[in-house]
Amino acid sequence: MSVYRITFVDSIRTWGGAEVWVLETVAALRAAGIEADIVAQPGSELESRARRADIPCAGIPIRFDAAPWTLAKLIRHFRRRGTTAVWANLTKDLKAAALAGRLAGVPVILGSRESDFPLKGKFYYEWYFNRLATGLLVNSEATRRTALDSAPWLDPARIHLLYKGIDTARFTPAGQPTGAPVVGFVGQLIRRKGLADLMAAWEKIDASGRPHRPTLRLAGEGYLAADLAAWRETLIHPECVEIAGFVEDIVSFLQGLTLLVMPSLAEGFGLAAAEASSCAIPVVATDASSLPEIVVHGETGLLVPARNPDLLAAAMVRLIDDPALCHRLGQAGRTRILTRFTRAATLRRLLELTGGSADLIPEEPTS
């Protein structure tokens, strides 16, 4: 294909891992001379950040009803941009973008499953996923399994794995941390992230009377923020829990950690785990969803069963008490990201799946 232009459609209003990936991926493609743009929900954080970054972004409202005026706007946008490939985030994004893309003559239309959740049993989904879309992207093998288990009508040959690559030139190690240990959490402050288990595990650490008390530092926003603040005041050492809220400079945040904890009940890709590993920070995570694909137990971090605060606390304490183990796991994590989860590898794979030329993206160094 002599002309290649890809449009990313993401109607989420809030700022999460998928939106971070969309914005950074489009920026990286454009830096490589590839035409890429975004369709976002008007007034969303993604639209605002895209405009500030001077990335082409159309604010088109996408709702569950796939209204005719939405389709008309998408068709006009795809034709005006000369779009040859569409990436659609949510199912409602795919419903609107797939039909509009077909009517606009877009040859490649890919839906994306960003979380390890079952597909709903809507009778018309087969038409959207198997007929209108040309394929489905999954961000982990766990997500692939869940999609196939929940929707046996999906054609396995049309499901393609696309891991979320990390910018390893940005997420870099900053040397071994000094001072008291710092345990970090990065993510939305919601139940799915396992915060109830983290709080229960931290209470055990807080009450253990350790000579060098560790700090728990949480980065993120969500409906549990007030609950976390109230819980902190019940601790023996509330000063050792820092609720940072939204953190813009996530690299510096990660570089200041002794370890990252991800007590998730379910995940999509587990972006924070990969970013921490790229910074040579070991990860304590649950064995939920895709996390075992990123964190290798005993090699780049420690895995524990979900919903088990006792084992979660024990794993954190093991790393807090053993700086040499932390260093070894962190270095191995950096190596794993460099060999399996680089942004260049993701971009090349994305171009291959959407009709572009992977040769436009140079390989990243592996050291």
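Student: Hi! How many helices and strands are in this protein?
Tutor: Hello! The secondary structure comes to 14 helices and 13 strands. Helices (H or I, at least four residues) and strands (E, at least two) are DSSP runs, numbered from the N terminus.

Student: What kind of model is it?
Tutor: This is a predicted model, where local features need pLDDT of at least 70, side-chain atom pairs count only at pLDDT 80 or more, and totals for chains, interfaces and linings use all residues. Residues are numbered from 1 along each chain as its sequence is written, and side-chain values use heavy atoms, with hydrogens and water left out.

Student: What's the radius of gyration, and what would a compact globule have?
Tutor: The protein has 21 Å, which agrees with the value near 21 Å for a compact globule of 367 residues. That radius is taken over C-alpha atoms, and the globule rule is 2.2 Å times the number of residues to the power 0.38. Along its principal axes, the C-alpha trace spans about 65 × 40 × 40 Å.

Student: And how much of the protein is buried?
Tutor: Buried residues make up 57% of the 367 residues. Buried means under 20% relative accessible area, exposed over 50%, and partly exposed in between (1.4 Å probe, protein chains only).

Student: Switching to charges: how many positive and negative side chains are there?
Tutor: There are 41 positive and 39 negative side chains, and the centres of the two sets lie 6 Å apart. Lys and Arg count as positive and Asp and Glu as negative, while His and the chain ends are not counted. The place of a charge is taken as NZ of Lys, CZ of Arg, CG of Asp or CD of Glu.

Student: Now rings. How many aromatic pairs does the structure hold?
Tutor: It holds 12 aromatic pairs. Rings of Phe, Tyr and Trp (its six-membered ring) pair if their centres lie within 6.5 Å; planes under 30 degrees apart count as stacked, over 60 as edge-to-face and the rest as tilted. One of the pairs is Phe8 with Trp21: their ring centres are 6.1 Å apart and their planes are at 70 degrees, so this pair is edge-to-face.

Student: Where do Phe8 and Trp21 sit in the chain?
Tutor: Phe8 is in strand E1 (residues 5-10) and Trp21 in helix H1 (residues 17-31), 13 residues apart, so to speak of distant parts of the chain. Both Phe8 and Trp21 are buried.

Student: What about Phe8 and Trp87, then?
Tutor: Their ring centres are 5.6 Å apart with planes at 45 degrees, so that pair is tilted. It links distant parts of the chain too, with Trp87 in strand E4 (residues 85-88), 79 residues from Phe8. Phe8 and Trp87 are both buried.

Student: Which residues do ring pairs link into a cluster?
Tutor: The cluster holds Phe123, Tyr124, Tyr125, Trp127, Tyr128, Phe129 and Trp153.

Student: Is Phe64 buried or exposed?
Tutor: Phe64 is exposed, with a relative accessible area of 64%. Its place is in the loop between E3 and helix H3 (68-81). Not counting residues up to four places away in sequence, Phe64 touches Lys92 and Lys95; contact means heavy atoms within 4.5 Å.

Student: Last one: what is the phi of Asp54, and where is Asp54 found?
Tutor: Asp54 has a positive phi of about 60 degrees although it is not a glycine. Asp54 is found in the loop between helix H2 (45-52) and strand E3 (57-59), and at 66% relative accessibility it counts as exposed.
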